[in-house]
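Trainee: Please take me through how the features of a model like the one below are read.

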Amino acid sequence: MSRRKKDAPVRGYGLTAWSRAVLAVIDRPEDTRRVGKARTYFRERTILDVRVRPGLVTALVQGSQVEPFETSLTMRTVEPDTVVALLREKDATNDLLAVARGEQPRILGSLVLPTEPADVRGDCTCPDDEPRCIHVLALGYEMAAQIDKTPSVALTMMGAEIATLLAHLRDDTEEPARPARVRAPEVVDFYGAAFAPPPLPSPPSIDVFADLDVAGLHRALRMSGVGSLDIGEVTDELAELYARLIRTPPQPST
């Protein structure tokens with residue numbers, strides 16, 4: 001036995017309820033040869049570059065050949081909004097905080113974890129045509145060990161990341177914003193149709209011609225072409241017109 005294998009700590013998996021639920025749909029205990037080899041791969045840490053994304057887990061599994069095999073697990077994912085709605089119905093929304101603390105609440109697990117082999121599909125580039133080849137089983141044991149350590153990994157695998165579930169929970173609890181009150185547009189009277197003009201001025205009742213410079217008026221009339229003999233007549237007509245203006249009250253504008 002090599003020194004690396006001798007000194008490597010013994011690894012376990014399937015130690016918690018959630019990891020056992022995943023193993024129940026991946027493991028093949030009746031196929032002892034494949035199971036034994038897959039457990040050896042797991043314990044010898046030959047599962048490399050494990051990447052967990054919503055609905056998909058990929059890894060490189062070092063088998064008996066020089067190049068590792070590309071292995072994956074594809075999950076039938078759940079709907080995060082449906083999970084949150086069911087948690088509310090069961091009064092179990094605190095399960096989300098429990099997972100964040102590293103716990104494995106039963107109700108949330110029953111809503112998210114796979115329940116039958118068809119929920120998880122295995123794929124591998126090895127020549128074995130079996131859907132649960134040695135490398136797929138080894139990756140399943142690796143994921144069970146990670147779930148034992150970090151339960152939220154199971155949520156990510158099943159398409160319900162803890163951050164996504166919490167976001168749905170927060171959106172559901174926030175009070176919907178009230179629509180802003182829209183002010184009626186201000187009517188602008190561009191053409192002044194509704195404008196009431198101020199009243200006309202009332203001139204004082206005075207005799208303008210009493211203070212008029214008659215000589216200046218005569219000069220202005222001569223300059224406008226009025227003959228000297230007609231100036232007196234024109235002046236009388238102006239005086240009469242002004243008298244009529246100040247006697248007639250101003251008419252309201254329409």
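**Reading the features**

Mentor: By the cut-off used here (a disulfide is a pair of cysteine sulfur atoms within 2.5 Å), the count is 0 disulfides. The model is predicted: local features need pLDDT of at least 70, side-chain atom pairs count only at pLDDT 80 or more, and totals for chains, interfaces and linings use all residues. Residues are numbered from 1 along each chain as its sequence is written, and side-chain values use heavy atoms, with hydrogens and water left out.

Trainee: Is Cys126 buried or exposed?

Mentor: Buried means under 20% relative accessible area, exposed over 50%, and partly exposed in between (1.4 Å probe, protein chains only). Cys126 counts as buried because its relative accessibility is 9%. Cys124, at 22%, is partly exposed.

Trainee: How many aromatic pairs does a search of the whole structure find?

Mentor: A pair of aromatic rings is described by the distance of the centres and the angle of the planes. Rings of Phe, Tyr and Trp (its six-membered ring) pair if their centres lie within 6.5 Å; planes under 30 degrees apart count as stacked, over 60 as edge-to-face and the rest as tilted. The search finds 2 pairs. Tyr13 and Phe42 are edge-to-face, with 5.2 Å between centres and 85 degrees between the planes. Tyr13 and Tyr141 are stacked, at 4.6 Å centre to centre and 20 degrees between the planes.

Trainee: Which parts of the chain does the pair of Tyr13 and Tyr141 tie together?

Mentor: Helices (H or I, at least four residues) and strands (E, at least two) are DSSP runs, numbered from the N terminus. Tyr13 lies in the loop between helix 1 and helix 2 and Tyr141 in helix 7, so the pair ties together parts 128 residues apart in sequence. Tyr13 is buried, at 15% relative accessible area, and Tyr141 is buried at 0%. Ring pairs link Tyr13, Phe42 and Tyr141 into a cluster.

Trainee: How many residues are in the largest nonpolar core?

Mentor: In soluble globular proteins, nonpolar side chains tend to be buried together. A nonpolar core is a set of buried Ala, Val, Leu, Ile, Met, Phe, Trp, Tyr and Cys residues joined through side-chain atoms within 4.5 Å. The largest one has 49 residues, and those with the most contacts inside it include Tyr141 and Val112. Helix 7 (residues 134-149) gives the largest share, 10 residues. Leaving aside neighbours within four places in sequence, Val112 is in contact (heavy atoms within 4.5 Å) with Val78, Val83, Leu155 and Met158.

Trainee: Which residues of helix 4 are buried?

Mentor: An α-helix has 3.6 residues a turn, so residues three or four places apart point the same way. In helix 4 (residues 80-89), the buried residues are Pro80, Val83, Val84 and Leu87. They cover an arc of only 95 degrees, taken from the directions from the helix axis to the C-beta atoms, so they lie on the same side of helix 4.

Trainee: How many bridges join strand 1 to strand 2?

Mentor: Two strands pair if DSSP finds at least two bridges between them. Strand 1 (residues 47-53) and strand 2 (residues 56-61) run antiparallel, joined by 5 bridges.
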